[in-house]
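Look at the structure below.

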Amino acid sequence: MADLSTLARPYAKAAFDYAKEHHAVNEWQDYLNVMNAIVSDKAFADYINNPAVAAQAKVATLKDLYNQSSPEDSNTVFKTLSTAIEGGAQADSNAFVNFLTQLAEQDRLALLPSINERFGLLKAADAKEVHAYVTSAYPLTQVQEQLIEHRLATSLGANVVLHVNVDPALIAGVTIKVGDKVIDDSVRGKLKQLKTQLTA
């Protein structure tokens, strides 16, 4: 059986395409973020996976739980909440309810966390936003971070979001990971390269 990420891909793409066409990407991301929190609750996960519960009942419960946003409420996920999803941008919220209904009817509500994650990736790609993971042997100064960010943005032609970590095992220097590409300018990396050349 395909993994959740693979199954979620077409649903996320359909949701993103609709949201973009209707200029409601941020609204749909908000909806999905909340649904992700709700569906990730174990009690609710058991509920949506129960074949004895009708699809419409599951969607109605999701609508009733939409306002839940605090992690402290995770143990009381079934408490009654107002249906804020029906307020605000009526057309967008109705479309999202229709989306949930389709998922429920196809027993795919459990995919919501994966759909949410994939939707976020599509949103970032559409905005030409790239996440770069920088690991340094020592903490970087703000100026150094800005320099790396600027050079990457110029090179990639995209907005760059840096995620910086420290790993003393690198000895000195940094490694930068963007997507599948890794730039290893650390002393540890250079020593590995040297060892490979010597043993070749």
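The largest pocket holds about 260 Å³ of space. The model is predicted. Which residues line this largest pocket? They are Leu121, Ala124, Ala125, Glu129, Val130, His131, Tyr133, Leu156, Val178 and Gly179. Two elements, helix 6 and strand 1 (129-136), each give two or more residues to the lining of the largest pocket. Strand 1 gives the largest share, four residues. By class, the lining of the largest pocket has seven nonpolar, two polar and one charged residues.

Helix 6 also packs against other helices. Start with helix 1. Helix 1 covers residues 4-21, and helix 6 covers residues 112-126. Their axes lie 8 Å apart, at an angle of about 50 degrees. That angle makes helix 1 oblique to helix 6. The crossing of these two helices is right-handed.

Which residues of helix 1 and helix 6 meet? Helix 1 brings Leu4, Ser5, Ala8, Arg9, Tyr11, Ala12, Lys13, Ala15, Phe16, Ala19 and Lys20. From helix 6 come Ser114, Ile115, Arg118, Phe119, Leu122, Lys123 and Asp126. In this contact of helix 1 with helix 6, ten residues are nonpolar, two are polar and six are charged.

Now take helix 2, residues 25-39. Its axis comes within 8 Å of the axis of helix 6, and the two cross at roughly 150 degrees. Angles over 145 degrees count as roughly antiparallel. Helix 2 and helix 6 are therefore roughly antiparallel to each other. Helix 2 passes helix 6 in a left-handed crossing.

Helix 2 makes the contact with Val25, Asn26, Trp28, Gln29, Leu32, Asn33, Met35, Asn36 and Val39. Helix 6 answers with Leu112, Pro113, Ile115, Asn116, Phe119, Gly120 and Lys123. The residues of this contact of helix 2 with helix 6 divide into nine nonpolar, six polar and one charged.

Here are the residue classes side by side.

| Group of residues | Classes |
|---|---|
| Lining of the largest pocket | seven nonpolar, two polar, one charged residues |
| Contact of helix 1 with helix 6 | ten nonpolar, two polar, six charged residues |
| Contact of helix 2 with helix 6 | nine nonpolar, six polar, one charged residues |

Methods: Residues are numbered from 1 along each chain as its sequence is written. This is a predicted model: local features need pLDDT of at least 70, side-chain atom pairs count only at pLDDT 80 or more; totals for chains, interfaces and linings use all residues. Side-chain values use heavy atoms; hydrogens and water are left out. Axes are lines fitted to C-alpha atoms, for helices over the stretch in contact, and angles run from 0 to 180 degrees between N-to-C directions. Angles under 35 degrees count as roughly parallel, over 145 as roughly antiparallel, 65 to 115 as roughly perpendicular and the rest as oblique. A crossing is left-handed if the near helix is turned anticlockwise from the far one by less than a right angle, and right-handed if clockwise. Contact means heavy atoms within 4.5 Å. Ala, Val, Leu, Ile, Met, Phe, Trp, Tyr, Cys and Pro count as nonpolar, Asp, Glu, Lys and Arg as charged, and the others, Gly among them, as polar. On a 1 Å grid over the protein atoms alone, a cavity is a set of points where a 1.4 Å probe fits but cannot get out, and a pocket is an open set with protein on both sides within 12 Å along at least five of seven lines; lining residues have an atom within 4 Å of a point. Grid points are joined across faces, edges and corners, and a volume is the space filled by probe spheres set on the points.
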